[in-house]
Amino acid sequence: MSVDTGYIQNADELTGPFAAALAEGKLIVQKCNDCSALIMYPKYRCPQCFSGSLGWQQVSGEGQLQTFTILRMGPPSTFHVEAPYGIGIVKLDEGPQLMCRLHPGADGTWDHYVCDQRVRFAPADAAEIAERAAAWFTAA
Amino acid sequence: MTDIWTPPYPEPGSANDAAFIGIGEIPSGVYRERGFMAQIVEASARAIADAQLQHTDIDQIVLIPCLHGIPDQADLIFSRVAEELGLHGRVKSSVMVHSGGSTSDNATRMAAGLVASGQARNVLVVYSEKWGSADLQAMIDMLSVNGIPREWEAPTGLQFNAIGGLITQRYMHQSGSTAEEMASVCVALREWANLNPNAMYYSKKLTVEKILASKMVSDPIHAFECPFLADGAAAFVMTSATEAAKKQDAWVRIGGSGGCVSHYSAGQDEDLGVLGWVKAAQEAYESAGWGADDADLGEIYDSYAAVTTIALEGLGISPKGEAAREFHKGRFSPGGQFPLNTNGGLLSAGHTGVGGGTALLVEGIRQLLHRAGERQVPNARRCIVGGTGGSYMDAQIMMLERATR
């Protein structure tokens, strides 16, 4: 077999660093080494300049909640979390956007969330990240 | 605004001008005794008869996929339909086209292109789905990995009703629409379904009160605002306008079309309250030479109320932010100013998977052929058909026109 390297070969090379950062309580996004574009979700080539030279950058975790929902019935059986749980789409101040989990408030509900409100990254513990590598956010 | 490339559309009535000449459909709902292939053959036979053709006149098959299971989908891929219809050794090819809920629009483009380029004379397009009889949890799990990036969004517990919730929440926030106004979308569609004997909920009434009293499934969507999975099948036949004119008094042509793939994953769309409709509509209207104000009716994908209200606003049929309120005022109901989803839509005729969009397309053709019976829109000449697939990844528009000899 000939040697064929120099590009991202599989999804593990993208999910691995992201999940490792989450387990350490950090939120990172992909960064293009050529045009500096910040990219979510991480890709095999830069969507802006098509470069294959891609790295990572830690972000502030501050952002705006585009929309959200509380799933109360019918979670996927492979998810192994009982309903209800909160899901949201956050646009980070740095630009990229991502699907995330939302922490409930002190009252155990998600009633306090509204679209376009400020939210901040509030990571789940490492055990949760090991099961489901999602970024968690809470009301700012 | 980006430049729109408007392709040269075929001259109306020419040999390159693709024409819908026949439709076939069987009732949607839960029909456990009705098999997948039996549904395909029956819907096909009805469409071929409606087109005043013999089955042996079909020289090309375009298949719309099922989502209920791989073995049946493999039957589509590997030409079983050709053999079941007695067309083996006769058809040039049998292919499947797939873009989820917008497949019917893309299958139409493909069938029309085959006719226009002289590759086919009579094209049969057919779908069959067995969602109503399938195991519900298995379908929930299947729909939780299709159109959702397994590496990046599945870890949040996302599934299809949650995507509907995310879109609806954004739409209600932007438009200020109330829960009652959103529920009235489903009620209007049910009133249409009550006029359609093929609809899953032909004989069941629905009210705003009943919707708002039903369980919350994925905020702000209630149980009675979710589409119900159904079995169903429908088919249509396309040929050229010159062929159509030999046998038919009337047929349906494609005046123009537009499309925009706005995203793959819901989390990456720039604005879930807008999606790809504005760009797609600009292309569709420029290519057709007519637009929202000229349409007699619409058949627009409606797996959730907000999916349709967002489309209506992007299409310019409703002013920005007003579609749900217009539903509440009755504009889109039977007897209203703008008949919409006159078969009851996915929400009330039944969600037959990829076929739900096909059922809407077939209904649009039926209306323009003036074969819609009790729910016929008087003198319908122009219909806007809209489809969208996956996590509402695209907006696909077909500008259909009634043509006569």
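The exercises below concern a predicted model with chains A and B.

Residues are numbered from 1 along each chain as its sequence is written, and chains are lettered from A and ligands numbered from 1 in the order in which they are written. In this predicted model, local features need pLDDT of at least 70 and side-chain atom pairs count only at pLDDT 80 or more, while totals for chains, interfaces and linings use all residues.

**Exercise 1.** Describe the side of chain A that touches chain B.

Solution. Two residues are in contact if their C-beta atoms, placed from the backbone, lie within 7 Å. Chain A puts 30 residues into the contact and chain B 29 residues. Next, find the elements; helices (H or I, at least four residues) and strands (E, at least two) are DSSP runs, numbered from the N terminus. On the side of chain A, β4 (62-71), β5 (85-92) and β6 (97-102) each give two or more residues. β4(A) gives the most, with six residues. By type, this side of chain A has 19 nonpolar, eight polar and three charged residues, where Ala, Val, Leu, Ile, Met, Phe, Trp, Tyr, Cys and Pro count as nonpolar, Asp, Glu, Lys and Arg as charged, and the others, Gly among them, as polar.

**Exercise 2.** Find the order and the edges of the nine-strand sheet of chain B.

Solution. Two strands pair if DSSP finds at least two bridges between them. The open sheet runs β3-β2-β4-β7-β1-β8-β11-β10-β9, with mixed pairing. β3 (93-96) and β9 (297-300) of chain B are the edge strands, each pairing on one side only. For one pair inside the order, take β8 (residues 250-261) and β11 (residues 394-404) of chain B, which are antiparallel over eleven bridges. Within that pair, B:G258 has B:I397 as its bridge partner.

**Exercise 3.** Check the span of helix α1 of chain B and locate its buried residues.

Solution. The expected span is 1.5 Å times one less than the number of residues. Helix α1(B) (residues 36-50) has 15 residues, so it should span 21 Å, and its end C-alpha atoms are 21 Å apart, which agrees. A residue is buried if 20 or more other C-beta atoms, placed from the backbone, lie within 10 Å of its own. In α1(B) the buried residues are B:F36, B:Q39, B:I40, B:A43, B:S44, B:A47, B:I48 and B:D50. These cover an arc (of the directions from the helix axis to the C-beta atoms) of only 160°, so they lie on the same side of α1(B). They pack against β1, α2 (70-77), α3 (80-84), β4 and β7 of chain B.

Conventions:
A residue is buried if 20 or more other C-beta atoms lie within 10 Å of its own, exposed if 12 or fewer, and partly exposed in between; C-beta atoms are placed from the backbone.
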